[in-house]
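Please work through the following exercises with the sequence and the model at hand. Each task is followed by a solution in steps.

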Amino acid sequence: MSGTTAIRAAALVTMTALAAACQSTEEPTAEPTAAPSATAVPSATAAPAATAAPSPVTAANTAAVCAAVDKLIIAKSKEIAADSAAATRRQLTPEQINDQVKADLADLADDVRGQAARAEDPEIKALVGDAARRIEAGANSSAPVTWLGSSFVEIPQRLTRECRA
């Protein structure tokens, strides 16, 4: 029963952290306009990119990679939360829940690693690659449910802060 409670708590913490991390609060004027509208990114970032170092192609790829990673993390977090609710109904043991969370995290790490490979900007490639390594560490953790509530919540926050920079 405590394993079920732990997974519910971790899922709630994860979803809350994701919701907070996905809302941009740092730069309310320029960045939110460029990030949400994927079709407007090249024209919205073309002028700043011309004055800054990166090319418009890199800026467009960066926005696409960051958005894809966000979607992957949110989708997998929802899946983990749904799985935790199903685990309660099926009365899974804590070991079974841990195995399920480990598998979900391993899948997410692979998907995020794929996005890192797509990134053209070396800094974004490193940032997203580091996120994949951290998620993989959670998948390899002996207590992935605990890891979700402590370490996982930092990953989307960091990506939101640094992937848009």
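Helices (H or I, at least four residues) and strands (E, at least two) are DSSP runs, numbered from the N terminus. The model is predicted: local features need pLDDT of at least 70, side-chain atom pairs count only at pLDDT 80 or more, and totals for chains, interfaces and linings use all residues. Residues are numbered from 1 along each chain as its sequence is written, and side-chain values use heavy atoms, with hydrogens and water left out.

**Exercise 1.** Determine the secondary structure of the chain.

Solution. The count gives eight helices and zero strands. Read from the N terminus, the order is α-α-α-α-α-α-α-α.

**Exercise 2.** Describe how α6 and α7 are arranged.

Solution. Step 1: Two packed helices are described by the angle between their axes and the distance between the axes. Axes are lines fitted to C-alpha atoms, for helices over the stretch in contact, and angles run from 0 to 180 degrees between N-to-C directions.

Step 2: The axes of α6 (residues 122-139) and α7 (residues 144-152) come within 9 Å and cross at roughly 150 degrees. Angles under 35 degrees count as roughly parallel, over 145 as roughly antiparallel, 65 to 115 as roughly perpendicular and the rest as oblique. Therefore α6 and α7 are roughly antiparallel.

Step 3: R134, I135 and G138 of α6 make the contact (heavy atoms within 4.5 Å) with P144, W147 and F152 of α7.

**Exercise 3.** Describe how α7 and α8 are arranged.

Solution. Step 1: α7 packs against α8 (residues 154-162) at about 30 degrees, with the axes 6 Å apart. The two helices are therefore roughly parallel.

Step 2: On α7, W147, S150, S151 and F152 meet E154, I155 and P156 of α8.
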